[in-house]
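Subject: Structure handover

Hello,

Here is the structure for you to look through. My notes follow below it.

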Amino acid sequence: MFRLPDHFFQSTDVVGISRALLGKFLVTNFEDRLTAGRIVETEAYRGPDDKACHAHLNRFTKRTQVMFEAGGVAYIYLCYGIHHLFNVVTAEAGMPHAILIRAIEPTDGIEIMQERRGMNTLKPQLTAGPGVMSKALGIDKAYTGISITDPGSPIWIEDRQEVLPPEDICSGPRIGIDYAEECKDWSWRFWIKGNRWVSKK
DNA sequence: CACGGGATCGTCT
DNA sequence: GACGATCCCGTGT
């Protein structure tokens with residue numbers, strides 16, 4: 001059970017890292033309130049050549065600049081004016097890759113997550129979907145750009161030595177990017193087979 | 001269960 | 001000034 005280090009995130013294979021994140025644990029600890037869940041769904045976004053990526057053609061703006069940092073920092077942005085979507089930046093500095101974490105299976109601090117979501121029952125809509133997952137974990141865009149590998153950072157990803165058989169990894173097109181032309185059908189969304197905490201079938 | 005629409009605001013044109 | 005890597009609720013079946 002340890003915090004994933006920078007080198008885990010600094011390979012150039014963003015698709016491979018997206019698969020490798022399945023079965024790891026996304027953890028937050030804000031004001032001594034620890035919440036976490038097992039990552040069950042991810043999507044890869046690959047900078048220059050991916051029309052679905054905010055940093056397509058190396059587009060560098062105030063919003064996208066953190067994607068150009070070395071792997072291991074958080075890229076969090078506001079979507080539809082409401083939802084704060086959490087990504088982890090990967091690759092070396094200057095290469096704008098990121099992975100969207102879309103869903104977790106709640107494991108720690110479940111009551112805290114329910115409170116943040118205003119729910120009193122435990123069901124997949126607590127954390128199935130990138131917007132609601134962030135809300136349950138207390139993540140918002142104020143944390144964009146922070147390292148998730150520094151000891152002491154309030155957001156990190158943990159390896160709890162769970163083994164996930166390769167045949168349990170499914171893939172398909174990414175969600176909500178139909179505008180991305182020839183990139184829209186790339187199978188860069190990954191999820192754990194049969195897991196009820198995944199956002200979509 | 002499928003759908004259709006509204007919420008809501010930062011970001012970029 | 002348009003739109004989005006979403007979600008939720010209302011309607012109809």
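**Rings, charges and the DNA surface**

The charged end of arginine 174 sits over the ring of tyrosine 45, at 4.8 Å from the ring centre. Such a placement requires NZ of Lys or CZ of Arg within 6 Å of the ring centre and within 35 degrees of the ring normal. Arginine 196 likewise lies over the face of tryptophan 197, 5.0 Å from the centre of the ring.

The model is predicted: local features need pLDDT of at least 70 and side-chain atom pairs count only at pLDDT 80 or more, while totals for chains, interfaces and linings use all residues. Residues are numbered from 1 along each chain as its sequence is written, chains are lettered from A and ligands numbered from 1 in the order in which they are written, and side-chain values use heavy atoms, with hydrogens and water left out.

The structure holds 5 aromatic pairs (rings of Phe, Tyr and Trp, the last by its six-membered ring, with centres within 6.5 Å; planes under 30 degrees apart are stacked, over 60 edge-to-face, the rest tilted). One of them joins tyrosine 75 and tyrosine 77, which is stacked because the ring centres are 5.5 Å apart and the planes meet at 25°. Tyrosine 75 is buried at 2% relative accessible area, and tyrosine 77 is buried at 13% (buried is under 20%, exposed over 50%, partly exposed in between, with a 1.4 Å probe and protein chains only). In the pair of tryptophan 186 and tryptophan 188, the centres are 4.8 Å apart and the planes at 55°, so this pair is tilted. Tryptophan 186 is partly exposed at 24%, whereas tryptophan 188 is buried at 11%.

Of the atoms of DNA strand C within 4 Å of the protein, 50% belong to sugar or phosphate and the rest to bases.

A polar backbone atom of glycine 81 is 3.4 Å from a base nitrogen of DNA strand C.

Regards

Key:
A residue is near a molecule or strand if one of its heavy atoms lies within 4 Å of it. A polar contact is a pair of N or O atoms within 3.5 Å; within protein, one must be able to donate a hydrogen and the other to accept it, and residues adjacent in sequence count only if both atoms are side-chain atoms.
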